[in-house]
Each structure stands twice: as structure tokens, then as C-alpha cells.
Amino acid sequence: MTFNFQEYIEDQFDPKPQQINPDQVSINCINPDCDDNWRRRRKMTVNLADKKAFCFICGEKYNEIEFVATAEGISKFQAMKIVRTSAPKRTFGADRLETAIKTLFESPEDTESSIETESKPCLFPPWRRIEPGTPEWSYLEGRRISKDVIEHFGLVFCPSGPPTGTLCPECSIRKAGKRCCPYSGRIIIPIYRDGKAVAFQGRTIYDAIPKYLFPIDQPFESELYNWDHARFFGTLIITEGVTSAWRVWERNYHNVTATFGKSLKVNQEKMIKEESRINTVIMLWDGGTLPEAYAAGLRLKSHKKVLIAQLPGDLDPDECPDTPDYIEAAKSIESFDPLTVAMSKLA
């Protein structure tokens, strides 16, 4: 069902039509700090055509998303999901993963994405929910990864071995007569596209090598992390890895995605260029990767406004304490001299 702003106002706020302008109605101010609320004098004007509101007492202005966020007491990101009902429905944690896996085996539906992907099921290793008191919880807590990140991104954990009677489809090593899952002891990080889990990566919580493990037959390099949510913003922030995306997301930049490395792949480039909602791209790669960020930005420059945020030294967004300051100070790609960029590697 499509969200209708006029119906929302009529159902929730008992509006009074204005005689001068039929597109405008008067309601009580939704700002809880407004002095007009206790008098109930309907000093907030809502323009149903422009989907904007203004209070003559407190002076607060709201667009459609801001209005819903304030009225419902939710974040702007959550309000956006209500208003733009074409965005994927948000579920949480392991429940989100269960839902996403289930959709893999249902009949495919038309989506807004114009990028074609294989419909091959994404086979996950055995996993359990991440709960307080477990080693994986302590690991994430030690890295200051919050419960909100676990829930939003659907993180789960592959325990030390598959349950009795089951066989991980990725297993290839046999030890002591039993199959050994290569993802044991790893955080399982699902990668979603159009609400479906299309790939994943496993991040070890110990000292295993490699640090990140990807299934060989899954096209994770053709995907963008958190794309289902980030694509609905006008500005897209691009990081290298998922942990950097988590940290930026925690700082209320929900328009963040990750490329799984310091390169922009062909399909990733196509996804960004074809998303009409995105008009600005901010390259937020690790410090010391200016040439790579610059090269990736040049490929997007013909379709989007491109900015580059330079972090100091070799820091990444997960380590830098003031990443938001660097995001806000991002400079246009045109302001970078190609020779200076090339020489930065020698500095």
C-alpha cells in the first residue's frame, strides 16, 4: 500500500481546512516543545500539495519525512522507509536473515533494480544468533560494535562445528572423521540485494588467516554492502570494508555502502550510475588510498557529483575518532590535481 500524506494527516491530526487555500489545513503543532500545544489553537499549517508543514508559534518547518519522523517519534531513516514504501521492509538480526533466505526459494518478483543478478541460492554455513555472553558478542563488544549494528545488518555466528547430522555445503576439510566448516569461529556477514541474501563473508573472531573469508562461487564483488538502504538517499558514502560501513552507519550516516576492497568493480559502478535517486557520491576510503579513491571517483564523475574525503595517515573510518568531520569537509574531485594525487603514494 502506497503511503498517502494527505490521508495520514486526515486520519491522525483532525485537520481544519483553510478557506484561503484549499491545499492547506491547520493542525496542532507536532513539536512537543511548542508553546501552542497546551492551547490547542491549530497554529501549524500543513500544505498537502507540497507535503510541508510550518508552525507560526515555534517556527519549526518540516518536509514530509521530517514530519512523519517527529510525529511518530522515530528517526528520519525509519520515516523514509514509511514514506517511500518501495524501499525494502526492515527486519532485525537473525530474523532478517531467516526472511531473506526464505525469499531465495520463492518466485522472483519485479524489483526497482535494473541490474540483473543470478538467482542461485546463497548457501549459508550453520549459524546461531549473536547473544550476550558468547565469544562473538565479547569480540564485537570489544571492537565497539553495537547491538544496533548486529540487528540492522543481520549478523550471525558460525559455531565451532556443524550440528550433528548436518553438513555445511562449503565444507571441504575432513578431520578426525568429521567434516570441518571453514567458517567456524567467524561472524557471518550477509550481503543483501532487494531484500534477498545473495552472498556473505565470514570475519574471524580469532587470529585465523585469512581475516575475511568469502565463498568462491558467490558474486560478492558484484554487490554493494547495505545497498538496499543506502540507495534511497541523495548522497551516497562509499567505504572500502564492512566494518568501516558499520562505524559510519553508527554515526547516523545511514547512506553508507562498501565495495569490499579499494576498487570499484564494473557492476558496482553500474549500480551507482543507474540509481537515479543518488546525485552525490562521497569517496571515504582509508587514509593513504587517495589514488585509488580518485580513480574510482573519475569513473562516476560523468553521472554523479563526486567528493573525496581524505582521512589522515593510514587510518580507516573504523579507527578515526572524528570521521564525521572529514565527511563534512569532503572536497570536489575537480579540486584534486592528478599529479599531486599520483605523488601522494610516495609521500
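Leaving aside neighbours within four places in sequence, Y206 is in contact with P135 and G185 in this predicted model. You can find Y206 in the loop between β10 and β11, the latter spanning residues 212–213. One of those two partners, G185, lies 21 residues away from Y206 in sequence, yet the C-alpha atoms of the pair are 7.2 Å apart in space.

Two elements give two or more residues to the lining of the second largest pocket: β10, which covers residues 196–204, and α8. The largest share of that lining, three residues, comes from α8. Sorted by class, the pocket lining has eight charged, five polar and four nonpolar residues.

Now let us turn to the cavities. The structure has two cavities of 30 Å³ or more. The second largest cavity has a volume of about 60 Å³. Around the second largest cavity you will find Y139, L140, R143, I145, I187, R203, T243 and W246. The cavity lining divides into five nonpolar residues, one polar residue and two charged residues.

Next, look at how some of the helices pack. Two packed helices are described by the angle between their axes and the distance between the axes. Start with helix α1, residues 5–12, and helix α2, residues 64–72: their axes come within 12 Å and cross at roughly 25 degrees. Angles under 35 degrees count as roughly parallel, so α1 is roughly parallel to α2. The crossing in which α1 passes α2 is left-handed. On the α1 side, the contact is made by F5, Y8 and I9, and on the α2 side by E64, F67, V68, A71 and E72. By class, this contact of α1 with α2 has six nonpolar residues, two charged residues and no polar ones.

Helix α2 also meets helix α3, which covers residues 76–83. The axes of α2 and α3 come within 8 Å and cross at roughly 115 degrees. These two helices are therefore roughly perpendicular to each other. The crossing of α2 and α3 is right-handed. In this contact, α2 brings E64, I65, E66, V68 and A69, while α3 brings K76, A79, M80, I82 and V83. The residues of the contact of α2 with α3 divide into seven nonpolar and three charged, with no polar residues.

Notes. Residues are numbered from 1 along each chain as its sequence is written. This is a predicted model: local features need pLDDT of at least 70, side-chain atom pairs count only at pLDDT 80 or more; totals for chains, interfaces and linings use all residues. Side-chain values use heavy atoms; hydrogens and water are left out. Axes are lines fitted to C-alpha atoms, for helices over the stretch in contact, and angles run from 0 to 180 degrees between N-to-C directions. Helices (H or I, at least four residues) and strands (E, at least two) are DSSP runs, numbered from the N terminus. Angles under 35 degrees count as roughly parallel, over 145 as roughly antiparallel, 65 to 115 as roughly perpendicular and the rest as oblique. A crossing is left-handed if the near helix is turned anticlockwise from the far one by less than a right angle, and right-handed if clockwise. Contact means heavy atoms within 4.5 Å. Ala, Val, Leu, Ile, Met, Phe, Trp, Tyr, Cys and Pro count as nonpolar, Asp, Glu, Lys and Arg as charged, and the others, Gly among them, as polar. On a 1 Å grid over the protein atoms alone, a cavity is a set of points where a 1.4 Å probe fits but cannot get out, and a pocket is an open set with protein on both sides within 12 Å along at least five of seven lines; lining residues have an atom within 4 Å of a point. Grid points are joined across faces, edges and corners, and a volume is the space filled by probe spheres set on the points.
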